[in-house]
2 protein chains.
Amino acid sequence: MNAAVTPFASRAPGGLDLAGTTLHGVHVADIAERLNAVEPAEAAAILLAMPAGRAVDVLDQPELVAPGAILKALPLERAVAFIQAMSSDRVAEIFRNDLSEPDRHRFVARLDGETRAALAALLAWPEHSAGAIMTTEFVSVPADWTIARTLDHVRTVERSRETVYAIYVVEPEGGRLVQAVALRRLISGDPAAPIVSAGGVRPPVSVAPGTDREEVARLIAKYNLLAVPVVDARERMLGIVTVDDVIDAMIDETTEDVQKLGGMEALGAPYPRIGFLEMIRKRAGWLSVLLIGEMLTASVMQHYEGELEKALVLTLFIPLIMSSGGNSGSQATSLIIRSLALRELGLGDWWRVALRELPTGMTLGAILGAIGMVRVVVWQKTGLYDYGEHWGLVAVTIGAALIGIVTFGSLAGSMLPFILTRLGFDPASASAPFVATLVDVSGLVIYFSIAALILRGTLL
Amino acid sequence: MNAAVTPFASRAPGGLDLAGTTLHGVHVADIAERLNAVEPAEAAAILLAMPAGRAVDVLDQPELVAPGAILKALPLERAVAFIQAMSSDRVAEIFRNDLSEPDRHRFVARLDGETRAALAALLAWPEHSAGAIMTTEFVSVPADWTIARTLDHVRTVERSRETVYAIYVVEPEGGRLVQAVALRRLISGDPAAPIVSAGGVRPPVSVAPGTDREEVARLIAKYNLLAVPVVDARERMLGIVTVDDVIDAMIDETTEDVQKLGGMEALGAPYPRIGFLEMIRKRAGWLSVLLIGEMLTASVMQHYEGELEKALVLTLFIPLIMSSGGNSGSQATSLIIRSLALRELGLGDWWRVALRELPTGMTLGAILGAIGMVRVVVWQKTGLYDYGEHWGLVAVTIGAALIGIVTFGSLAGSMLPFILTRLGFDPASASAPFVATLVDVSGLVIYFSIAALILRGTLL
């Protein structure tokens with residue numbers, strides 16, 4: 001990830017005087033970003049000074065980090081008016097993540113029936129599902145309309161729809177979705193032709209409301225769509241998920257994945273905006289679990305205390321050997337997590353992966369083992385350290401242990417994501433920590449067993 | 001990341017008979033995926049059996065994994081015809097990543113002048129830059145046209161442009177980009193009005209050709225764009241980067257980041273399609289570097305050999321303590337890497353982060369230290385293990401060492417991404433391995449120093 005500042009990155013944002021005098025002509029996404037830097041009360045005052053439509057656009061920006069606090073700082077009447085004008089998926093997101101139960105109630109009580117019903121419908125779907133991020137502001141027309149009539153309709157509703165570039169054609173009776181038509185095809189089509197003549201021969205790609213947003217993103221990416229329709233079990237349209245919602249979701253997912261792979265709970269908010277105690281809470285949990293897991297290493301070490309006393313030289317290489325196991329495990333885990341997410345691999349491919357990671361791990365282990373043996377030989381021969389009279393056997397022990405541990409790490413690291421996914425866990429959140437602990441503990445056992453085998457009768 | 005298979009995920013793909021008889025009505029992205037499963041020669045035969053336009057569409061899909069091999073398997077005449085009809089950014093990508101120098105030459109020699117020039121222009125930009133992924137197939141009109149004339153133009157060129165939803169208005173003289181107009185606004189606008197009346201008041205967001213694709217993605221996400229124009233130093237249009245190119249780029253970037261955070265080189269191709277030797281090459285490099293770095297731990301251990309001999313009990317906790325340092329470091333690193341990438345933090349914020357990670361690390365260390373001490377006390381009191389007469393001091397040593405190491409890990413882990421970014425490295429690729437090695441080695445030094453302080457006169 002190249003986070004270097006790119007010169008000439010964006011020409012869009014002008015200066016922004018937060019007093020509101022020069023807000024004209026500044027993109028709402030930039031206004032949202034600047035509002036993030038001030039207190040909610042001040043942000044509310046700035047919104048009130050703007051034309052209402054523009055204030056709504058600012059509140060609609062996912063870049064605005066604490067919209068709940070700003071809505072609470074507004075006079076109730078104005079807050080309710082803004083909420084009714086905002087896009088329903090954004091309101092649902094704010095209600096879900098950024099408002100407490102009493103505040104939600106206070107707002108909901110004042111909303112008109114239609115907004116309240118739309119909101120309730122969106123909130124009924126699980127977080128991160130297509131149903132939760134879809135918008136109900138789409139264009140749909142009956143299949144018996146002409147292109148001209150459809151275009152007239154688009155002109156009428158254009159301002160109130162999130163996108164008009166995809167037009168959904170439904171059965172006049174029953175409302176089943178039959179086709180998605182691109183606006184560009186309508187423009188170049190014969191106005192008198194039926195709308196269905198402008199669509200493709202395929203049934204449109206669609207998703208169920210319970211589909212995970214990552215799957216929606218995969219479909220939009222694969223089929224190069226601007227929006228994907230969300231349909232119920234009878235294939236009637238409930239809403240659409242647009243490409244910008246998907247991009248925002250992808251950015252969130254990547255952030256979550258990176259944080260989970262780093263061995264912590266997903267923060268759920270930008271680093272600079274998380275409070276101290278919240279930060280401790282999100283990080284201490286996994287650290288403690290991992291510490292408790294790693295306590296098994298102390299138990300293993302206690303078990304082999306006799307060997308350690310006899311051959312203290314073995315302890316010198318414990319960190320080296322453990323970390324190699326952990327590194328090879330984390331390589332394999334991150335490879336497989338990502339391949340599963342991209343559907344390059346299915347759950348049924350586990351044995352293919354195992355058959356591949358076994359020789360890969362052995363080869364990697366042999367490479368590392370060779371390096372490890374060279375280290376012992378060089379230190380011994382150059383007099384940097386004296387590993388004792390059996391230094392040759394010590395070198396062989398290190399080499400053999402690295403082969404065993406790297407093989408085990410690669411195999412365990414690649415299999416855990418399959419197992420976790422199968423058990424219904426998110427592989428990203430659990431694999432890295434589990435692999436680390438598993439490989440550390442097993443690594444020690446492998447190391448001491450190999451040492452016992454090779455050094456029996458000499459050092460041990 | 002939830003990779004569980006979602007029921008009812010996609011209704012689009014029908015069955016695909018690779019003999020070509022039922023290809024009609026199957027989405028080209030699905031055809032591309034199926035072609036991935038067969039040999040290049042067979043894939044070439046299937047493409048030849050299709051209508052040429054559809055074959056070109058299949059070759060244009062980024063889902064097609066080895067287009068270079070397929071092009072080589074086609075008769076030269078046909079391959080050249082396909083290349084000339086494909087989108088220029090896709091051809092540039094294939095030439096860059098999937099064809100060897102002799103093959104590139106063989107094709108280039110047969111291309112017409114226009115295609116060859118467009119290709120050369122794209123290939124001149126660095127990989128992963130806006131210039132390398134842009135398409136030159138966009139719609140631009142002079143600022144003195146009317147809406148009606150623009151719409152007529154759109155109708156004419158619709159089939160040959162990657163997107164017509166964003167129309168770029170340029171100065172009639174000089175060609176400087178002045179405005180981006182959304183097609184939806186044209187449809188509802190007054191046909192006789194000048195095109196500039198349909199655009200916004202802001203200058204359009206634009207990027208330079210050298211801008212990194214991640215920055216392009218950030219702008220498209222922030223401003224909810226369907227495409228971003230790429231302009232030269234005099235603000236004349238060179239091309240556009242569309243939202244689907246950006247989504248593909250985002251997926252690639254996430255894959256690369258996850259793999260780099262896993263401590264390896266980015267694979268650059270799906271896991272199932274990487275050859276054995278290639279896989280070893282991508283993974284062995286970092287593993288070997290890390291192993292060599294970790295050899296410093298053996299040196300540290302050798303240095304403290306005297307202490308180890310006197311107090312073997314200290315060795316029991318080495319894996320525990322090292323892994324806690326590594327875990328806290330990797331948490332901090334992944335948090336900061338992501339925050340830098342999202343521009344939540346700038347390079348100048350390093351001291352704010354340091355001031356925050358110091359107390360965070362100390363608090364996390366205190367929590368882990370308390371757990372570590374409890375472990376020693378419980379094992380001692382329940383008779384699970386005897387840590388000797390000074391077991392109380394051993395417990396204090398473990399607790400204090402965990403505080404020191406977790407604080408150091410959090411601080412080092414959070415500062416390294418800043419340092420690496422500043423030095424021009426990609427923080428994702430280097431931070432995790434560096435942090436692991438740095439924290440392991442320093443962790444041992446901290447542990448033994450604290451032990452020497454606390455246990456001097458008793459065990460040591």
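Reader: Hi! I just clicked on A:Glu235. Is A:Glu235 buried or partly exposed?
Author: Hello! A:Glu235 counts as partly exposed, because 18 C-beta neighbours lie inside 10 Å, and a residue needs 20 or more to be buried. Keep in mind that this is a predicted model.

Reader: Thanks! Where does A:Glu235 lie in chain A?
Author: Look in the loop between β4 (227–231) and β5 (237–242) of chain A.

Reader: Which residue other than glycine has a positive phi near 60°?
Author: That is A:Arg343. You'll find A:Arg343 in the loop between α16 (318–341) and α17 (350–381) of chain A.

Reader: And is A:Arg343 buried or partly exposed?
Author: Partly exposed, since A:Arg343 has 15 C-beta neighbours inside 10 Å.

Reader: Let's zoom out. How many helices and strands does chain A have?
Author: Chain A has 19 helices and five strands. Its domain assignment gives domain 1 (28–124), domain 2 (139–250) and domain 3 (271–455).

Reader: How far apart are the centres of domain 2 and domain 3 of chain A?
Author: Their C-alpha centres are 50 Å apart.

Reader: What about the overall dimensions of chain A?
Author: Along the principal axes, the C-alpha atoms of chain A fill a box of roughly 90 × 55 × 45 Å. The radius of gyration of chain A is 30 Å, whereas a compact globule of 460 residues would have one near 23 Å.

Reader: How much of chain A counts as buried?
Author: 52% of the 460 residues do. As for contacts in chain A with a separation of 6 or more, 71% of them come from residues 24 or more positions apart.

Reader: Can we look at a helix? How many residues does α13 of chain A have?
Author: Helix α13 of chain A, residues 243–261, has 19 residues. From its first C-alpha to its last it reaches 26 Å, close to the 27 Å expected at 1.5 Å a residue.

Reader: How many of the residues of α13(A) are buried?
Author: The count is 18 of the 19, so α13(A) is largely enclosed by the rest of the structure. Just after α13(A) comes A:Gly263, with a positive phi of about 80°.

Reader: Where is A:Leu411, then?
Author: A:Leu411 is in helix α18 of chain A, residues 391–422. A:Leu411 is buried, because 21 other C-beta atoms are within 10 Å.

Reader: What is A:Leu411 in contact with, leaving aside its neighbours within four places in sequence?
Author: The partners are A:Ala354, A:Glu357, A:Leu358 and A:Gly361. By contrast, A:Gln61 is 350 residues from A:Leu411 in sequence and 44 Å away in space, C-alpha to C-alpha.

Reader: How many residues of chain B are in contact with chain A?
Author: 119 residues of chain B are in contact with 118 residues of chain A. On the chain B side, helix α16 (residues 318–341) gives the most, with 18 residues. That side of chain B divides into 65 nonpolar, 32 polar and 22 charged residues.

Reader: Why do the copies meet through the same surface?
Author: Because 99% of the interface residues of chain B are also interface residues in chain A.

Reader: One more spot: where does B:Ile195 lie?
Author: B:Ile195 is in the loop between α11 (183–187) and α12 (213–222) of chain B. With 25 C-beta neighbours inside 10 Å, B:Ile195 counts as buried. Beyond four places in sequence, its contacts include B:Val141, B:Trp145 and B:Val181. B:Pro142 is 53 residues from B:Ile195 in sequence, with 8.7 Å between their C-alpha atoms.

Reader: And what about B:Ala44, buried or exposed?
Author: Buried, with 22 C-beta neighbours inside 10 Å. B:Ala44 belongs to helix α2 (residues 40–49) of chain B. Leaving aside neighbours within four places, B:Ala44 is in contact with B:Ile70, B:Ala73 and B:Leu74. B:Ile70 is 26 residues from B:Ala44 in sequence, and 5.5 Å away in space, C-alpha to C-alpha.

Key:
Residues are numbered from 1 along each chain as its sequence is written. Chains are lettered from A and ligands numbered from 1 in the order in which they are written. This is a predicted model: local features need pLDDT of at least 70, side-chain atom pairs count only at pLDDT 80 or more; totals for chains, interfaces and linings use all residues. Two residues are in contact if their C-beta atoms, placed from the backbone, lie within 7 Å. Domain bounds come from an automatic or database domain assignment. Helices (H or I, at least four residues) and strands (E, at least two) are DSSP runs, numbered from the N terminus. The expected span of a helix is 1.5 Å times one less than its number of residues. A residue is buried if 20 or more other C-beta atoms lie within 10 Å of its own, exposed if 12 or fewer, and partly exposed in between; C-beta atoms are placed from the backbone. Ala, Val, Leu, Ile, Met, Phe, Trp, Tyr, Cys and Pro count as nonpolar, Asp, Glu, Lys and Arg as charged, and the others, Gly among them, as polar. The radius of gyration is taken over C-alpha atoms; the globule rule is 2.2 Å times the number of residues to the power 0.38.
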